[in-house]
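Subject: Structure handover

Hi,

Here is the structure I promised to pass on. Have a look at it first, and then read on for my notes.

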Amino acid sequence: MANNLGLKSLKIRTEGLNKWFTDNKAGKVVKAVNELNVEIPAGKLVGLLGPSGCGKSTTLYLISGLHNPTSGKIYFGEDDVTKLTPESREIGLVFQNYALYPHMSVRGNIKFPLESMRESYVEIQRHNLREEYFSYFDLDVATSSDFKEYVRSIKEIVNNVVEATSKDVVGINVADRDQRRYSLFVDTAPTSNLISLYPELEAKYLEKLEEKISSRLEQFRTIYHQEPLEKRKLEKIISFYVNTHLKLLRKKFKALDLPLTDEAVQKVLQTAKLTYKHYMFADVDEVAKLVDIYDQLDKKPSQLSGGQQQRVAIARALVKKPKVLLLDEPLSNLDARLRLQTREEIRRIQRETGITTVFVTHDQEEAMSISDEIILMNFGEEQQKGVPQEVYDNPINLFVAKFLGTPPIGLYDGFIKNGKVVIGDEVILSSKETTKQIKTFLEANAENIEVLEGGNPKVVVGIRPEGYVPDENGVLTVDIDYVETVGRDLTLVCHHQNGVKASFRIIITSSFVLPKDRKVRFNLVNEKVFVFNPKTGERII
């Protein structure tokens with residue numbers, strides 16, 4: 001998608017990506033990333049999420065080029081970047097530690113990576129001059145190479161004219177010599193014979209070239225012909241027209257005090273005054289406005305809040321116009337309020353730039369609140385990938401169900417009896433659809449099922465905190481320890497004799513009244529109830 005900074009969005013793809021570390025003391029190999037195959041869509045913000053040690057930061061460093069993979073491939077778009085150095089991958093990287101230079105101003109910190117790109121800015125300067133010059137002739141940039149060839153031919157003619165008139169200089173004053181050169185050039189210059197010189201040019205360009213170049217050259221021949229001949233220096237005048245030497249143009253107009261009525265000429269002259277530093281500082285100002293620190297550019301990092309310092313780090317990463325933005329737990333050092341504010345800023349910046357962004361965090365609330373997609377990892381492997389809410393609503397296994405959700409999902413030891421799901425002595429799921437799903441699963445996974453003494457398959461039942469509905473005739477009885485009031489909702493801190501953990505939380509509306517015996521019966525929202533195989537973690541229902 002287009003953006004003011006000129007950033008490009010592209011997809012990232014890994015194929016069979018592995019990163020193994022050898023522990024020489026223990027004599028074992030740690031598989032930090034194991035056969036990772038993921039695709040990060042272009043222009044999206046994707047969160048790499050998981051517990052400490054799951055391989056998410058290692059994956060980020062592999063994408064950035066800071067780590068070399070043990071095996072596998074990494075693609076940016078269709079380009080294989082596996083063996084490229086970090087600087088060759090055109091990435092922007094923001095660490096948990098802001099890594100700002102304390103002795104530099106905010107402007108200096110943001111500009112710092114651009115200093116190594118000076119040649120690129122010099123090329124930008126030249127490119128803009130070239131475009132302005134061609135726009136003066138109203139030429140399409142596509143004709144640039146053809147025009148350069150035309151330039152070369154005229155320069156050759158000028159050189160021949162100068163050489164021819166330099167042989168006979170005895171007794172001839174400067175004015176007469178220049179007059180002779182001028183006449184010879186007018187008779188020789190191929191301004192009306194472009195078709196014969198360049199038959200390969202397309203007709204539409206031929207007409208434009210012949211009309212515009214001939215017209216402009218003739219206008220300036222007329223202007224300079226009216227001036228004292230010793231000021232003309234014909235070879236330099238023609239050289240101006242057939243080259244992009246704007247410095248000479250500026251000097252000529254100043255020396256001859258000619259009226260600059262042509263707006264295009266004015267624009268060319270203005271562009272010629274701009275140095276590469278102008279473009280460099282313009283990029284700094286633009287990215288500073290984007291991250292909302294433009295009014296802080298002259299301050300030192302020590303004068304900024306943590307959130308502002310993090311935005312400086314993001315601006316420094318973006319100012320290089322990277323293809324990919326990589327964020328390694330960028331909010332960990334901020335307090336709760338700043339963390340909330342800064343993550344909203346990251347989301348805004350990503351949407352405005354459209355840059356493909358990978359955001360590493362262990363905080364599932366952060367990842368789910370700002371990511372277009374999340375990739376949940378554990379033991380160096382992808383567990384599940386998708387839109388955050390869809391992953392939350394449909395966890396593929398027990399790990400995903402346990403990791404996502406605040407408060408966390410409540411877990412119970414249960415079993416299957418006659419195609420029904422039972423917790424303790426209470427049947428919680430008994431529909432025909434449930435029976436069908438259970439039968440299909442048991443038939444396909446007979447060898448991976450843990451069976452209790454009575455021959456009933458053991459399961460783990462997970463119920464989301466919002467999946468309980470108080471009902472005196474409900475299917476599940478829970479003991480309430482105490483009640484927490486959280487605004488419009490109530491959080492019930494509970495326990496159950498078959499609970500996997502000592503306590504869990506249930507969220508209900510504030511109209512609930514706690515009974516004296518603290519035992520409450522609940523019906524369950526089917527979409528919030530999941531059944532897992534405790535042996536493999538695989539989801540059954």
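Which residues of helix 12 meet which residues of helix 13? On the helix 12 side they are Gly306, Gly307, Gln310, Arg311, Ile314 and Leu318, and on the helix 13 side Leu338, Gln341, Thr342, Glu345, Ile346 and Ile349. Sorted by class, this contact of helix 12 with helix 13 has five nonpolar, five polar and two charged residues. Before you go further, please keep in mind that this is a predicted model.

**Overall picture**

The protein comes to 17 helices and 21 strands. Of its 541 residues, 47% are buried. If you take the contacts between residues at least 6 apart in sequence, 68% of them join residues at least 24 apart.

**Helices around helix 12**

Back to that first pair. Two packed helices are described by the angle between their axes and the distance between the axes. Helix 12 covers residues 306-318 and helix 13 covers residues 336-353; they pack at an angle of about 20°, and their axes are 10 Å apart. That angle makes helix 12 roughly parallel to helix 13. Their crossing is right-handed.

Helix 12 has another partner to look at, helix 2. The axes of helix 2 and helix 12 cross at roughly 30° and come within 7 Å. Helix 2 and helix 12 are therefore roughly parallel to each other too, and the crossing of this pair is right-handed. Helix 2 brings Val106, Asn109, Ile110 and Pro113 to the contact, while helix 12 brings Val312, Ala315 and Arg316. By class, the contact of helix 2 with helix 12 has five nonpolar, one polar and one charged residues.

Is helix 2 itself largely enclosed or largely open? Seven of the 10 residues in helix 2 (residues 106-115) are buried, so the helix is largely enclosed by the rest of the structure. The buried ones are Val106, Gly108, Asn109, Ile110, Lys111, Pro113 and Leu114. A lysine is on that list, in case you want to look at Lys111.

**Sheets and a hairpin**

Within it, strand 12 (residues 410-417) pairs with strand 15 (residues 458-463) in the antiparallel sense over six bridges. Tyr412 has Val461 in strand 15 as its bridge partner.

Another open sheet of five strands runs in the order 16-20-17-18-19, with antiparallel pairing. Which strands stand at the edges here? They are strand 16 (468-470) and strand 19 (504-509), each with a single partner strand, so one side of each lacks a neighbour in the sheet. The twist from one strand to the next averages 55°. Six bridges link strand 18 (residues 489-495) and strand 19, which pair in the antiparallel sense, and Asp489 has Thr509 in strand 19 as its bridge partner.

There is also a hairpin. Strand 10 (residues 373-378) and strand 11 (residues 381-386) run antiparallel and are joined by five bridges. Ile374 stands opposite Gly386 in strand 11. Two residues lie between the strands of the hairpin, and Phe379 takes a positive phi near 55° there.

Most residues other than glycine have a negative phi, and most peptide bonds are trans. A few places here are worth a look with that in mind.

- Thr406 and Pro407 are joined by a cis peptide bond, with omega about -5°. Pro407 sits in the loop between helix 16 (398-403) and strand 12.
- Asp292 is not a glycine, yet has a positive phi of about 65°. You will find Asp292 in the loop between helix 11 (276-290) and helix 12.
- Glu329 is not a glycine either, and has a positive phi of about 45°. Glu329 is in the loop between strand 8 (324-328) and helix 13. Is Glu329 buried or exposed? Glu329 counts as buried, with a relative accessible area of 15%.

Cheers

Key:
Residues are numbered from 1 along each chain as its sequence is written. This is a predicted model: local features need pLDDT of at least 70, side-chain atom pairs count only at pLDDT 80 or more; totals for chains, interfaces and linings use all residues. Side-chain values use heavy atoms; hydrogens and water are left out. Two strands pair if DSSP finds at least two bridges between them. Helices (H or I, at least four residues) and strands (E, at least two) are DSSP runs, numbered from the N terminus. Axes are lines fitted to C-alpha atoms, for helices over the stretch in contact, and angles run from 0 to 180 degrees between N-to-C directions. Angles under 35 degrees count as roughly parallel, over 145 as roughly antiparallel, 65 to 115 as roughly perpendicular and the rest as oblique. A crossing is left-handed if the near helix is turned anticlockwise from the far one by less than a right angle, and right-handed if clockwise. Contact means heavy atoms within 4.5 Å. Ala, Val, Leu, Ile, Met, Phe, Trp, Tyr, Cys and Pro count as nonpolar, Asp, Glu, Lys and Arg as charged, and the others, Gly among them, as polar. Buried means under 20% relative accessible area, exposed over 50%, partly exposed in between (1.4 Å probe, protein chains only).
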